[in-house]
Amino acid sequence: MMNRVAITQIGLCTPLGQDPQQVLDRLIAGDTSAMQRSDTLLFEHPTLVAPVTAALPSIPAKLIQFDCRNNQLLLCAALQIAATVEQAKRDLGHARIGVVLGTSTSGISKGEAALSYRNQHGHFPADYHYFQQELGSTSDFLRQYFELDGPCYTISTACSSSAKVFASAKRLLSANLCDMVIVGGVDSLCQLTVNGFNALESVSKGHCNPFSINRDGINIGEGAALFVLTAGESDVMLAGIGESSDAHHISAPHPEGAGAITAMQAALQDANIAAQDISYINLHGTATPKNDAMESRAVVEVFGANTPPCSSTKPLVGHTLGAAGAIEAAFCYLLLSAHNRDQALPPHQWDGQVDPQDPSIALVERHRVAAKGALNYVMSNSFAFGGSNASLIFCRNEA
C-alpha cells in the first residue's frame, strides 16, 4: 500500500496575498490588516471580514456557465499550478489526474445577486445558472478548465471540508485510481453565511480573539488554496491524516473534545510519530466560546501539559469556512518550505487575557522561532459542525 504522499506544488489566493513568500512574511508578522469593515454583508450592523482584494482572473468564455466569484478565487490559485498540470497530462494522461475540492458556499453570492435582480425585474438575469451555486460545480469547473477525465468530486462538511480532501486524495493514490490528485478548497464571502453565523450568535462584535476570556465569535474570510499531490517524494510531505465524527450536536462541539482527540491521535498514528514530535499546531481556533474551550482540552489531552507551540491564524484571514482546512494547510506547508529560512512561527494574535476556565496551551508569542532543526512535523486542526473533524500532519522530507 502506498504510504508516501508528496506535495509537489501549491496555489494560493488568500487575504494575505497570492505569492508564497508574501503570504509567509505576513503570516509570520501576525499581519491583521486584511480584516476590513463591511457595511453590506451583515443585515443588522457592520462587521469585520477578510476579503481577497487582489484583481481576480475572468472565467474563460467557453466555461462562462461557471462564472461566479467562488470560481474566480479558485482560478486565481489554479493558474499557479497550471504548468505542472499540463505537464502531468502529457506524462500521465488526462484520466489519471483527479480533482477533490472542499467548499461550503460555492457560488451562493451569485445566487443572492440573482434573487435581488429578480425582485427588481421579475426574472433572473440571463447569465445566472442555478448550478453556479451547487457544491459540485466547484470541482467540475476545475476539471473542465484543466480538461481532465479522472475522478472528480466535492466534499462539503462545513469547516473541515478542505482538510478532508487530503484523505480522499490519499485513498485515490493508494487504490491506484490516480497518479496525481489536485486538492484544495475555496469559499467566498456571502450574506447567507455571515447572517447564518450571526443568527447563531457566533459572529464577533469586533476582531476575533481566540482563546481569550473575552472571545465572542468569529470573523469570516474568503480565499482558495490548491495542492498537487502524488505518490513519491518532495521537500514537504503529507505525513498523516486523522478523521473522526463525534456527532455530538448539529453546531456545538463535544465539550471535552472527544472527536478532536480521536482525530489528532489518528493523525499521529497514521504518521507513525509520537505526540512530542509535533513542532507546531495550527489550531482550529475560531474564537467562539465553545470551540476554544473544547480545543484547549483536546490538545492538552493528546499532548500533555507541555503542549507544542500553538496558534490560530484566523485573526489574520478570518474563518474561511469550507476553505479553512486548505488555506491553513498551505500555511503549514509554507512553514516547512525553503521560504521559511528562519523557522519562524505564526504569532497568536489576541488580547492576552487568559480564560481561567480553560487548560493552558503554549500560544505562540511574536518573534518566536522553532529550535534549530526542530521544525519538522506540524499539525493543522479543522473541526466542523456535526462533529466532522480532521487533523493533518505535514513534515519536511528527510528521506
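Here is a short walk through the structure, one selection at a time.

Before you click, know that this is a predicted model, where local features need pLDDT of at least 70, side-chain atom pairs count only at pLDDT 80 or more, and totals for chains, interfaces and linings use all residues. Residues are numbered from 1 along each chain as its sequence is written, and side-chain values use heavy atoms, with hydrogens and water left out.

**The whole chain**

Select everything and zoom out. The C-alpha atoms fill a box of roughly 60 × 55 × 40 Å along the principal axes. A compact globule of 399 residues would have a radius of gyration near 21 Å, and the chain's 20 Å agrees with that (taken over C-alpha atoms; the rule is 2.2 Å times the number of residues to the power 0.38).

Now colour by burial: 59% of the 399 residues count as buried, meaning under 20% relative accessible area, while exposed is over 50% and partly exposed lies in between (1.4 Å probe, protein chains only).

Switch to cartoon view, and you'll have 11 helices and 13 strands to explore. These are DSSP runs numbered from the N terminus, with helices (H or I) of at least four residues and strands (E) of at least two.

**The sheet**

Next, pick out the open sheet of 10 strands, which has mixed pairing and runs β5-β4-β6-β8-β1-β9-β13-β12-β10-β11. Its edges are β5 (152-155) and β11 (310-311); each has a single partner strand, so one side of each is left without a neighbour in the sheet. Two strands pair if DSSP finds at least two bridges between them.

β4 and β5 pair in the parallel sense over 4 bridges.

**Two loops to finish**

From β5, step back to the loop between α5 (137-146) and β5, where you'll find Glu-147. Most residues other than glycine have a negative phi. Glu-147, though not a glycine, has a positive phi of about 55°. At 43% relative accessibility, Glu-147 counts as partly exposed.

Asn-176 isn't a glycine either, yet has a positive phi of about 60°.
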